[in-house]
Amino acid sequence: MNASSAIVTFLLLGLAGCVSATPSPLATVVSSPTRANQTLDQEAQRDGRFIGLAISGGGSRAAVFGGAMLRELHRLGLLQQVDVLSAVSGGALPAAYYALDGYGSVDFENGFLERMGHDFQSDMRGRFLSPGTLLTYWFTDATKSDAVVQVLDEQLFHSATYADLNPSRPKLLLNATNALTGDPFVISDESFATLSSSLSSFSVSRAVYMSAAYPGVFDPVTLPSSEPALHPAVLAYDGGPADNLGIKTLVNLLGKADQRAALATRFPKGCLIIAVDATPRITSVNNQPLSASTVLLKSHRREVLERVGIAQDQQDRAMFSTFTVNGSQSVCTFWHLALRQLPDDDPLGARVTRIKTSFGLESTDQDALISAARQLIEQGIKISGETEIGPAFLREAGSPATTSR
């Protein structure tokens, strides 16, 4: 670790004790719904099928891999059919960017992957070390979260709020954790309504930060309640401790919808959840014990994938499974696109599964993640066509007419 890195680490870990977390400004009157609600309405049912897309956490590894997957799915014509995006931490960057497509200079068609690969870590380091920022920390109520939000706004989201989400893009559900209860906190109209607050005026950059705010390194975000006696305030940080894959939110969404009307009736043409999983290979180094957080993420990943039909011994190999919703007759297909499906004896697999979690990657690592995304998509389409697994529209996506577009 060099001297500047040591100073940054000190700032990241130490300054939080000097100031309290700045409560995020929330409106006191609930306004019109946004594109971040937990309902499957008539719009989601119009084509007779449901597609949910989950993008895991994992810093820039997840941002670039998730962004590359979005581009590949768009090339196949599948991304245009996605109804709901659920994302965590690093995966929240490409998900939110796509959901804002067309706002200001946000442009999914041009320069998207370059933006996902931007060295946010250097930007944060420069901001943390600037004399003006240091003085701000010491003499105001500002926190590190404000500096990170400014970086995200400058590079990606340009002060967008949830009111700016593109109505022709999928609904956006970013995932955090309520640090006061340990429960998942889905950033949605419904969650903010329990605080008697409006999501429409909430900063997208702050929501992305909240989903990625690793405990002990970044400040959590305080979401005050207008009626604390009835609904306590929320202290939100990284969604990883609750579910680093973002899959639970989609499964729970389907479960609630199925209770009102069978999914087979709502979606006669099929139900599909696609999961983009940037989890690295998790092994002990020099016989040193794994950290508690690493063990927690590993355990949660295993449980979530078992819930959608992939047995533990197949979770780094099987791409497809099916699962029932609410234990009923409603069946959905699950498509798992994971870095760890690339074998360790393959140079590409060995590389991408050992990229460390950070918010700045070398260009060669970015290129490797982009190649991994294309290879896994092609493998999945081939398996689907050969085995006729999954909804018919998935196999149609792999037809020559589609893949040549």
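Modeller: A residue is called buried when its relative accessible area is under 20%. With that cut-off, helix 4 (residues 92-99) is a clear place to begin: eight of its eight residues are buried, so this helix is largely enclosed by the rest of the structure. The residues concerned are Ala 92, Leu 93, Pro 94, Ala 95, Ala 96, Tyr 97, Tyr 98 and Ala 99.

The model is a predicted one, and its confidence should be kept in view. The average pLDDT of the protein chain is 86, and 85% of the residues score at least 70. Residues 1-30 have a pLDDT below 50, although this stretch has 62 contacts in the model beyond near neighbours in sequence. The pLDDT is also below 50 over residues 401-405, a stretch with twelve such contacts.

In the protein chain as a whole, 18 helices and nine strands are present, and 54% of the 405 residues are buried. Of the contacts between residues at least 6 apart in sequence, 75% join residues at least 24 apart.

In soluble globular proteins, nonpolar side chains tend to be buried together. Here the largest nonpolar core contains 88 residues, and Leu 53, Phe 65, Tyr 162 and Trp 335 have the most contacts inside it. Helix 3 (residues 59-76) supplies the largest share of this core, nine residues. A second, separate core has 28 residues, including Ile 247, Ala 257, Val 308 and Phe 323. Returning to Tyr 162, and leaving aside neighbours within four places in sequence, its contacts include Thr 34, Ala 36, Leu 172, Leu 174, Ile 187, Phe 202 and Val 204.

Val 84 belongs to strand 2 (residues 84-88). This residue counts as buried because its relative accessibility is 1%, against a cut-off of under 20%. Beyond neighbours within four places in sequence, Val 84 is in contact with Leu 40, Phe 50, Ile 51, Gly 52 and Leu 53, among others, and also with Leu 250 and Leu 253. Val 84 and Phe 50 are 34 residues apart in sequence, with a C-alpha to C-alpha separation of 8.7 Å.

Gln 38 is located in the loop between helix 1 (3-14) and helix 2 (42-45). Its relative accessible area is 18%, and it is therefore buried. Not counting residues up to four places away in sequence, Gln 38 touches Leu 173, Val 186, Ser 188, Glu 190, Ser 191, Leu 253 and Lys 256. Its C-alpha atom is separated by 9.1 Å from that of Leu 250, which lies 212 residues away along the chain.

Asn 244 is placed in the loop between helix 11 (240-243) and helix 12. With a relative accessible area of 18%, Asn 244 is buried. Apart from neighbours within four places in sequence, Asn 244 is in contact with Ser 56, Gly 57, Val 88, Gly 239 and Leu 297.

Helix 12 (residues 247-260) packs with helix 14 (residues 292-307) at an angle of about 30°, their axes being 10 Å apart. The crossing of helix 12 past helix 14 is left-handed. On the side of helix 12 the contact involves Ile 247, Lys 248, Val 251 and Asn 252, while helix 14 contributes Val 304, Leu 305 and Arg 307. Classed by type, the residues of this contact are four nonpolar, one polar and two charged.

How values were computed
Residues numbered from 1 in each chain as written. Predicted model: local features only at pLDDT ≥ 70, side-chain atom pairs only at ≥ 80, totals over all residues. Heavy atoms only, no water. Core = buried A, V, L, I, M, F, W, Y, C linked by side-chain atoms within 4.5 Å. Buried < 20%, exposed > 50% of the residue type's maximum accessible area, 1.4 Å probe, protein only. Helix = DSSP H or I, 4+ residues; strand = E, 2+ residues; numbered from the N terminus. Contact = heavy atoms within 4.5 Å. Axes fitted to C-alpha atoms, helices over the stretch in contact; angles between N-to-C directions. Left-handed = near helix turned anticlockwise from the far one by under 90°. Nonpolar A, V, L, I, M, F, W, Y, C, P; charged D, E, K, R; others polar. pLDDT = per-residue confidence, 0-100.
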